Amino acid sequence: MSQNLAILVAEDDSIGLLHPVVTARPGYAISCATFRLIDWLRLLGAPVYGDVRPHLREIQDRDFGVLAPPEMYPAGASLLFVNARLVPSTAVFKALQSLSGDSQDQVILDGAGQVCAAYFGRVPSFGSVRELTALASKLPNAGVQLELFTWPHDVVSQHMKCMNSAMEYRIEHGNYTQLQDGVFVRPGTKIGDYAVIDTSSGPIILEDDVKVGPFTYLSGPVYAGPRTRVLEHSALKDAVSLGHTTKIGGEVEASVIEPYTNKQHHGFLGHSYLGSWINLGAGTCNSDLKNTYGQINMEYQNERVATEMQFMGCIMGDYSKSAINTGIFTGKVIGVCSMLYGFVTTNVPSFVTYARLFGQTSMLPADVMISTQARMFARRKVDQRECDRQLILDMFELTEEERAGQTQLGL
């Protein structure tokens, strides 16, 4: 690998198709199978620059420590250009290591011919990510094929595919103590009495200060990030990945949950993706299987998309909340900063109070969510910064078109 290597991870024109997963985070910060793309890029040992949407530039700097692209790269520098939608798998890490360690200019494409990553032995002259992508597409093919996230449900399907290899990598390279066969822990971890642990289909990894309550059931692969609380009588199974500082109860299956999200009461969550700062009320359940047992279609921005998945639950954007006994139907998408009541039978736009059971769907003002954000942060001893408040305002403006034309929308 060149000592003068610079890494540029950039969001392309298709990043918006991943809403609401990426509305509050850069594309490279999507958790999938315990890793984010930025985690793998940092392991390459070179400075990482990020080209993201304007409303995330300060968040990128302060929360991810990723530099804005420089006006000029160091003289003689080589460049590893990475699409921010690249699936964060162990295969991706190995491919990027090989690509950046080669002296030849090369590109890696996905099955549809889209640029996943490219290596330039010398930083080319370019004015935009679109121009750099065009230059990359003309390079010799490295002979490796990787995958990009295209739609939100891809996060769940790729999570299922990549989970076991990601867990194996963590075990091999992490400083864990093997508590029992297939159970790997870090300091401060506690497992309550009468826990039932099954590692026949994959290991259990519990990071620093994870607390698992009594009478729980863990069936691997299961990953719990630092300071996670798994409450008593919980059941986690079949590929669950929990971000740091989450509280989890009830039954969770084959799902990704980002940091600071609470699902601490009884209720089922399956084959789903939850963003950060979400709270699911007691008894909230989602469906991840149609009564016909057929493959599930998702609706994104009025486009019907076949998932080719028999099991697919919900996608929920950051800061959204559900009330007690909320029921979310199969394959539904909930935007950012929304409140759910009753049965969720349709997709839910961002910044709305959704209570179709009571004949009401109304706009939720940004200032209400800023106040809610402040209370949530205070409970977790997190300082609310001006950039956090501004993110809410920016997301409200960016999602205005979602709310336009909604029936019964009280404006």
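**Close-up views of a predicted model**

**View 1. The pairing of strands β1 and β2, seen at residues A10 and D51.** In this predicted model, A10 has D51 of strand β2 as its bridge partner. On the way from β1 to β2 the chain passes through helix α1, which covers residues 37-42, and the β-α-β crossover made in this way is right-handed. The two strands, β1 with residues 5-10 and β2 with residues 48-51, run parallel and are joined by four bridges. In a regular strand, the side chains alternate between the two faces of the sheet.

View 2. The residues F329, F343 and L357 together make a nonpolar surface patch, and its area is about 310 Å². One of these residues, F329, lies in the loop that connects β30, residues 327-328, with β31, residues 332-334. Is F329 buried, partly exposed or exposed? With a relative accessible area of 39%, F329 counts as partly exposed, because this value falls between the 20% under which a residue is buried and the 50% over which a residue is exposed.

**View 3. The protein chain as the setting for the close-ups.** Eight helices and 36 strands make up the secondary structure of the protein chain. The radius of gyration of the protein chain is 21 Å, close to the 22 Å given by the globule rule for 411 residues, and therefore the chain is as compact as a globular protein of that length. Taken along the principal axes, the box filled by the C-alpha atoms of the chain is roughly 60 × 55 × 45 Å, and 56% of the 411 residues count as buried.

Technical notes
Residues numbered from 1 in each chain as written. Predicted model: local features only at pLDDT ≥ 70, side-chain atom pairs only at ≥ 80, totals over all residues. Heavy atoms only, no water. Patch = residues over 30% accessible without salt bridge, like charges linked within 9 Å, V, L, I, M, F, W, Y side chains within 5 Å. Areas by Shrake-Rupley, 256 points an atom, 1.4 Å probe, with all protein chains shown as cover. Salt bridge = Lys/Arg side-chain N within 4 Å of Asp/Glu carboxyl O. Buried < 20%, exposed > 50% of the residue type's maximum accessible area, 1.4 Å probe, protein only. Pairing = 2+ DSSP bridges. Right-handed = clockwise from strand over helix to strand, strands pointing away. Rg over C-alpha atoms; globule rule 2.2 N^0.38 Å.
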